[in-house]
Number of protein chains: 2
Amino acid sequence: MMLAASVLDGDRLALARLLTHVENDTADGRTALRALFPHTGQAHLVGITGAPGTGKSSLVNRLALHFRTLNKRVAIVAVDPSSPFTGGAVLGDRVRMKDLSGDRDVFIRSMASRGALGGLARTTASIAQVFDAAGYEIILIETVGAGQGEVDIARLAHTTLVVEAPGLGDDIQAIKAGILEIADILVVNKADRPGVETTEKALRSVLELAHIPESERAHHGTPPEIDSAGPTAHSWNVPIQRTVSLDGLGISELADHILRHYSFLHTSNQWIKRNEVRLAAEVDSVLQHMLVLEFHSRLPEGRYNDVMRQVFARRLSPGEAVESLLDGTRGEHAEPVDGGRQR
Amino acid sequence: MMLAASVLDGDRLALARLLTHVENDTADGRTALRALFPHTGQAHLVGITGAPGTGKSSLVNRLALHFRTLNKRVAIVAVDPSSPFTGGAVLGDRVRMKDLSGDRDVFIRSMASRGALGGLARTTASIAQVFDAAGYEIILIETVGAGQGEVDIARLAHTTLVVEAPGLGDDIQAIKAGILEIADILVVNKADRPGVETTEKALRSVLELAHIPESERAHHGTPPEIDSAGPTAHSWNVPIQRTVSLDGLGISELADHILRHYSFLHTSNQWIKRNEVRLAAEVDSVLQHMLVLEFHSRLPEGRYNDVMRQVFARRLSPGEAVESLLDGTRGEHAEPVDGGRQR
């Protein structure tokens with residue numbers, strides 16, 4: 001509780017400490033998260049995703065600097081699933097420091113993935129909540145990679161930027177891969193490179209092909225109350241913005257798109273809808289995590305390993321193993337592992 | 001049971017039908033999977049992953065054709081998380097058909113992702129088991145993208161190929177992103193393009209930097225019996241192979257690396273170890289899935305929605321919501337949602 005109060009008071013050291021607690025999922029972290037939760041819901045969460053090599057990190061730096069000129073408090077959450085031994089997270093921090101260090105209204109947090117990605121998305125959601133409660137108005141969530149896992153993290157955001165670069169996305173095969181579905185804004189970064197027209201043209205044709213009404217976008221979870229505004233009532237045309245993050249070209253326009261999308265979300269009721277989808281997904285993820293922990297604590301000692309040995313010997317299929325494990329904790333029709341099987 | 005028997009008899013139509021059952025997670029599919037499981041464990045599962053645009057699909061086609069010249073039965077599982085409306089899966093099938101159709105010892109299955117990725121990895125594991133039981137000796141599992149989710153799918157494999165291409169991986173930032181950790185073989189595809197030396201050099205330096213002993217590789221799950229062979233006892237040096245999938249350059253060498261890795265896995269006991277890790281992960285995933293389903297079936301009608309409404313109003317934090325839901329099914333200290341809270 002003390003930690004939460006200090007964070008609300010603007011104590012940067014307490015904020016850093018709390019973020020570590022949250023990342024390590026400690027009891028103190030969980031307590032503070034609960035105390036902070038009623039103070040959340042103000043920040044604009046902006047996800048930035050795209051394939052490796054598109055220059056996302058520099059782009060995020062540039063955006064942060066730009067939003068500072070608009071006097072907004074900015075947090076950056078860099079989700080880097082690279083392994084700890086390559087030192088990706090540490091390197092990232094050092095590179096960013098040059099431009100943004102010393103500014104008390106910017107806070108940068110790199111997260112190296114150590115567990116499963118579901119856990120990472122869960123932790124990122126909590127980190128964003130801490131920044132939100134601490135009064136950061138824009139939270140830039142950067143994910144490395146372009147897979148479904150990154151998509152799940154990007155779904156945390158109100159506004160999602162998908163970043164491409166010339167030479168990466170020049171065949172349609174490369175571009176269509178799932179993530180376009182979640183893009184609110186498309187960015188062609190490194191736009192000073194040859195092939196920029198081809199990339200932009202390909203993106204445009206895929207956009208025209210897809211033309212997904214907002215109401216049909218794939219989101220996880222099913223919030224109980226969905227505002228069913230018609231698909232055409234408030235629609236958002238996904239803009240394509242060229243940028244060169246090295247010299248800042250197009251950054252101001254990109255920031256405008258982001259702020260325009262923020263307004264769109266509010267006028268179209270999408271702001272509430274997206275928050276609900278996001279919170280439902282978070283509850284589902286925590287719930288799943290707790291159910292598994294609880295289950296293992298109820299399981300008799302050695303039971304799990306016994307069953308797994310039967311699976312390794314191909315005497316039990318994974319499905320049968322799960323049934324056997326579930327029976328074991330229900331306590332009623334528990335039988336020896338091999339008991340009920342005839343083959 | 002009939003379906004399983006027909007599949008074991010080599011009935012292609014039954015195989016196709018069973019794959020659909022498995023993809024849709026039907027009761028018939030689950031029954032057949034159990035009947036087939038004791039017949040699994042022979043196939044060599046080869047994962048092929050890498051960023052979009054690296055030409056994985058053509059590479060997989062070429063590999064399949066090559067393994068056919070060695071008289072091996074080959075299955076291809078193309079995991080395409082692109083959305084249904086772009087028709088990615090269908091297009092993929094059509095392109096592949098040209099080279100491989102008509103060959104009764106090749107079976108190609110494209111999977112379009114519709115659910116969460118955890119579910120996709122689970123389904124892919126089951127699909128691979130079906131092919132394994134049906135006598136396919138080499139199963140090529142191709143995943144689009146390069147994120148953690150794809151990594152999870154690649155972990156299903158005994159041998160994992162990570163595919164790069166010039167122009168994508170020319171900065172270290174792009175290459176280090178997590179997936180190198182899982183590579184048994186690195187492929188520089190499109191090796192006729194400019195920049196191939198740079199890409200290969202960057203890969204080599206990252207490999208030298210990392211130098212991960214096999215015994216410390218990150219794998220999910222903890223199988224009860226781990227053979228603790230020393231890290232240097234049997235080591236595998238990750239080769240880097242250049243290929244041009246369009247004209248078949250380097251494909252034969254790449255296939256040799258794959259077969260060499262198969263031998264390495266057997267002589268070093270890694271074959272058993274990887275199977276165990278894989279099966280443990282599969283059991284954990286099915287278990288988690290079942291726990292969530294069971295939990296929701298025990299939950300009183302309307303309870304979930306009630307709790308979610310409190311979360312949406314920021315009166316309950318996600319953590320508190322989960323506690324409240326768990327209390328509700330334990331049946332003991334169930335209270336009105338707001339009951340126990342003072343703020």
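**Entry 1: a charged pair between chains**

I began with B:Glu323, which is partly exposed at 43% relative accessibility (buried means under 20% relative accessible area, exposed over 50%, partly exposed in between, with a 1.4 Å probe and protein chains only). I kept in mind that this is a predicted model, where local features need pLDDT of at least 70, side-chain atom pairs count only at pLDDT 80 or more, and totals for chains, interfaces and linings use all residues. Residues are numbered from 1 along each chain as its sequence is written, chains are lettered from A and ligands numbered from 1 in the order in which they are written, and side-chain values use heavy atoms, without hydrogens and water.

Which residue forms a salt bridge with B:Glu323? I found A:Arg34, with the closest N and O atoms 3.1 Å apart (a salt bridge is a side-chain nitrogen of Lys or Arg within 4 Å of a carboxyl oxygen of Asp or Glu). The pair crosses between chains, from helix H13 of chain B to helix H3 of chain A (helices, H or I with at least four residues, and strands, E with at least two, are DSSP runs numbered from the N terminus). A:Arg34 is partly exposed too, at 22%.

**Entry 2: a salt bridge within chain A**

I then looked up A:Glu200 and A:Arg242, whose side chains meet in a salt bridge at 2.5 Å, N to O. A:Glu200 lies in helix H9 and A:Arg242 in strand E7, so the pair ties together parts that are 42 residues apart in sequence. A:Glu200 is buried at 14%, while A:Arg242 is partly exposed at 32%.

**Entry 3: the core**

Which residues touch the most other members of the largest nonpolar core? I noted A:Leu325 and B:Leu325, in a core of 38 residues (a nonpolar core is a set of buried Ala, Val, Leu, Ile, Met, Phe, Trp, Tyr and Cys residues joined through side-chain atoms within 4.5 Å). Helices H11, H12 and H13 of both chain A and chain B each give two or more residues to this core. Beyond its neighbours within four places in sequence, B:Leu325 has contacts that include A:Val283, A:Leu287 and B:Phe295 (contact means heavy atoms within 4.5 Å).

**Entry 4: a buried charge**

Finally I checked B:Glu282, in helix H11 of chain B. B:Glu282 is buried yet has no salt bridge. The nearest side chain of opposite charge, B:Arg278, is 5.8 Å away (Lys and Arg count as positive, Asp and Glu as negative; His and the chain ends are not counted).
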